[in-house]
Amino acid sequence: MPVSQHSSRGAGWKATRLRILERDAYTCWMCGGEADQVDHRLAKSKGGADTDDNLSAACARCNNSKSDAVMVRTPYWDTEYLANIV
Ligand SMILES: [Zn+2]
């Protein structure tokens, strides 16, 4: 049986998603905003696992902008933050 790339969003995903959102207090891991999604820090397509430590709460803005890249704590639009770490 072929396994799709998004197989993690099957039966168990709903429970996992809720667990991660509650663990992270519905706070986006990247920007600290209100999160209503959960995504892989290291994308599955890059070899990321479906384990709790590779999953983080994320807001739609960060999740969409991240796409398939590795999730970083620095949103690319946060130039003030970038200026402080570069
Ligand atoms: Zn965010």
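**Note on the predicted chain: core, strand pair and loops**

1. A57 counts as buried because 25 C-beta neighbours lie inside 10 Å. The scale behind that word is as follows: a residue is buried if 20 or more other C-beta atoms lie within 10 Å of its own, exposed if 12 or fewer, and partly exposed in between, with C-beta atoms placed from the backbone. A57 belongs to strand 2. Leaving aside neighbours within four places in sequence, A57 is in contact with I20, L21, D24, Y26, T27, C28, W29, A35 and V38. A contact here is a pair of residues whose C-beta atoms, placed from the backbone, lie within 7 Å.

2. On the basis of the note: this is a predicted model, in which local features need pLDDT of at least 70, side-chain atom pairs count only at pLDDT 80 or more, and totals for chains, interfaces and linings use all residues. Residues are numbered from 1 along each chain as its sequence is written.

3. On confidence: pLDDT is the predictor's confidence in each residue, from 0 to 100. The chain has a mean pLDDT of 77, and 65% of its residues reach 70 or more. Among the elements, helix 1 has the highest mean, 94, while helix 3 (residues 79–85) has the lowest, 54. Where pLDDT is low, the predicted coordinates should not be read in detail.

4. On the overall layout: the chain has three helices and two strands, in the order α-β-β-α-α along the sequence. Helices (H or I, at least four residues) and strands (E, at least two) are DSSP runs, numbered from the N terminus. Of the 86 residues in the chain, 16% are buried. Among contacts between residues at least 6 apart in sequence, 56% join residues at least 24 apart.

5. On the core: the largest nonpolar core has eleven residues, namely I20, C28, W29, M30, A35, V38, L55, A57, A58, C59 and C62. Strand 2 (residues 55–58) supplies the largest share of this core, three residues. The term covers a set of buried Ala, Val, Leu, Ile, Met, Phe, Trp, Tyr and Cys residues joined through C-beta atoms within 7 Å. In soluble globular proteins, nonpolar side chains tend to be buried together.

6. On the strands: strand 1 (residues 37–40) and strand 2 run antiparallel and are joined by four bridges; two strands pair if DSSP finds at least two bridges between them. V38 stands opposite A57 of strand 2.

7. Q37 counts as partly exposed because it has 17 C-beta neighbours inside 10 Å. Not counting residues up to four places away in sequence, Q37 touches A58, C59, A60 and N63. Q37 and N63 are 26 residues apart along the chain, and their C-alpha atoms are separated by 7.7 Å.

8. Most residues other than glycine have a negative phi, and most peptide bonds are trans. A25 is exposed because it has 9 C-beta neighbours inside 10 Å, whereas Y26, with 14, is partly exposed.

9. On M30: this core residue is also found in the loop between helix 1 and strand 1. M30 counts as buried because 25 C-beta neighbours lie inside 10 Å. The C-alpha atoms of M30 and R41, eleven residues apart along the chain, are separated by 9.8 Å.

10. On L42: this residue is in the loop between strand 1 and strand 2. L42 is partly exposed because 14 other C-beta atoms lie within 10 Å. L42 and N54 are twelve residues apart along the chain, and 6.5 Å separates their C-alpha atoms.

Conventions
Contact = placed C-beta atoms within 7 Å.
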